[in-house]
Amino acid sequence: QRQIVNGICIDNQFTRYRDDAIWAESVGEYHVVSVSIADVTELVAPGSSADEEASRRGFTLYGAHNGSGPQFMLPEHILSAASLESSGRPTTTITLVLGGALETISCRVFPSVLRQRGRLSFAEADEALVDESHPLNSRLYLCGLLAEKLRARRRQKGAIVLDRLDLERYSLERASEEWHKHAHHVCAEHVVEEFILLAGGA
């Protein structure tokens with residue numbers, strides 16, 4: 001039986017199929033971070049034509065130069081059915097319990113069902129990070145603080161951390177001005193990036 005998990009979907013405003021959601025909460029002296037990924041295994045039978053085509057393609061090709069747009073690994077009707085546009089979609093969740101220094105205390109991977117708490121573009125999430133009246137502000141604020149520390153730790157360990165965002169997406173100055181005034185140095189895109197990297201390295 002799949003466990004119900006909370007998650008906020010944050011992605012590019014032009015994203016057609018949302019496939020991940022993040023969540024964080026503090027429990028005593030620990031922080032619990034979760035990343036939920038859309039689970040297409042319930043929609044793709046092993047050995048089916050879709051499964052074989054996905055194996056042949058191997059990955060989704062973004063930014064195709066022939067003007068045809070992205071070449072998806074799976075048929076779009078499957079991606080649409082699996083997309084995390086609403087609650088109740090099957091997911092696989094990676095949950096990590098982090099200590100005070102953000103060291104990993106424990107990690108669990110399990111089948112889940114997403115209870116979607118929000119669906120935002122990067123720009124909308126940046127605005128929610130600094131708008132104390134926004135219903136997701138406190139949750140995103142915690143995510144931002146954790147991501148900032150995770151990012152600093154990666155930099156200290158020698159990782160190449162690129163802070164320049166895709167300027168074609170939107171103006172960083174407009175969306176993040178207040179965020180930087182509050183002495184924070186990550187935006188919503190960095191939050192998602194750090195959470196995905198953390199889960200992927202678990």
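Me: Is Leu 102 buried or exposed?
Reply: Happy to start there, and bear in mind that this is a predicted model. Leu 102 sits in the loop between β4 and β5. Its relative accessible area is 4%, and buried means under 20%. Leu 102 is therefore buried.

Me: What is phi of Leu 102, and in which kind of residue, glycine or other than glycine, does it occur?
Reply: β4 and β5 form a hairpin with five residues between them, and Leu 102 is in the turn. Leu 102 is a residue other than glycine, yet its phi is positive, near 65 degrees.

Me: In which sense do β4 and β5 pair, and over how many bridges?
Reply: The hairpin puts five residues between these two strands. One of the pairings to look at is that of Ile 94, whose bridge partner in β5 is Val 109. The sense is antiparallel, and the count is nine bridges.

Me: How do β1 and β5 run, parallel or antiparallel?
Reply: Strand β1 covers residues 3–11 and strand β5 covers residues 104–121, with nine bridges joining them. For a place to look, Gln 3 has Ser 112 as its bridge partner in β5. While β4 pairs with β5 in the antiparallel sense, β1 and β5 run parallel.

Me: Why do α3 and α6 count as roughly perpendicular?
Reply: Two packed helices are described by the angle between their axes and the distance between the axes. For α3 (residues 122–130) and α6 (residues 188–200), the axes are 8 Å apart and the angle is about 100 degrees. Angles of 65 to 115 degrees count as roughly perpendicular, so α3 and α6 are roughly perpendicular to each other.

Me: How many residues in the contact of α3 with α6 are nonpolar, polar and charged?
Reply: From α3 come Phe 122, Ala 125, Asp 126 and Leu 129, and from α6 come Ala 188, Glu 189 and Val 192. Sorting these residues gives five nonpolar, no polar and two charged.

Me: Which backbone nitrogen does the side chain of Asp 126 reach?
Reply: Asp 126 lies in helix α3 and, at 1% relative accessibility, counts as buried. Both Asp 126 and Ala 188 take part in the contact between α3 and α6. At 2.7 Å, the side chain of Asp 126 reaches the backbone nitrogen of Ala 188.

Me: What separates the C-alpha atoms of Thr 60 and Met 73?
Reply: Thr 60 is in the loop between α1 (49–57) and α2, and its relative accessible area of 23% makes it partly exposed. Not counting residues up to four places away in sequence, Thr 60 touches Gln 71, Phe 72 and Met 73. Thr 60 and Met 73 are 13 residues apart along the chain, and their C-alpha atoms are separated by 4.7 Å.

Methods. Residues are numbered from 1 along each chain as its sequence is written. This is a predicted model: local features need pLDDT of at least 70, side-chain atom pairs count only at pLDDT 80 or more; totals for chains, interfaces and linings use all residues. Side-chain values use heavy atoms; hydrogens and water are left out. Axes are lines fitted to C-alpha atoms, for helices over the stretch in contact, and angles run from 0 to 180 degrees between N-to-C directions. Helices (H or I, at least four residues) and strands (E, at least two) are DSSP runs, numbered from the N terminus. Angles under 35 degrees count as roughly parallel, over 145 as roughly antiparallel, 65 to 115 as roughly perpendicular and the rest as oblique. Contact means heavy atoms within 4.5 Å. Ala, Val, Leu, Ile, Met, Phe, Trp, Tyr, Cys and Pro count as nonpolar, Asp, Glu, Lys and Arg as charged, and the others, Gly among them, as polar. Two strands pair if DSSP finds at least two bridges between them. Buried means under 20% relative accessible area, exposed over 50%, partly exposed in between (1.4 Å probe, protein chains only). A polar contact is a pair of N or O atoms within 3.5 Å; within protein, one must be able to donate a hydrogen and the other to accept it, and residues adjacent in sequence count only if both atoms are side-chain atoms.
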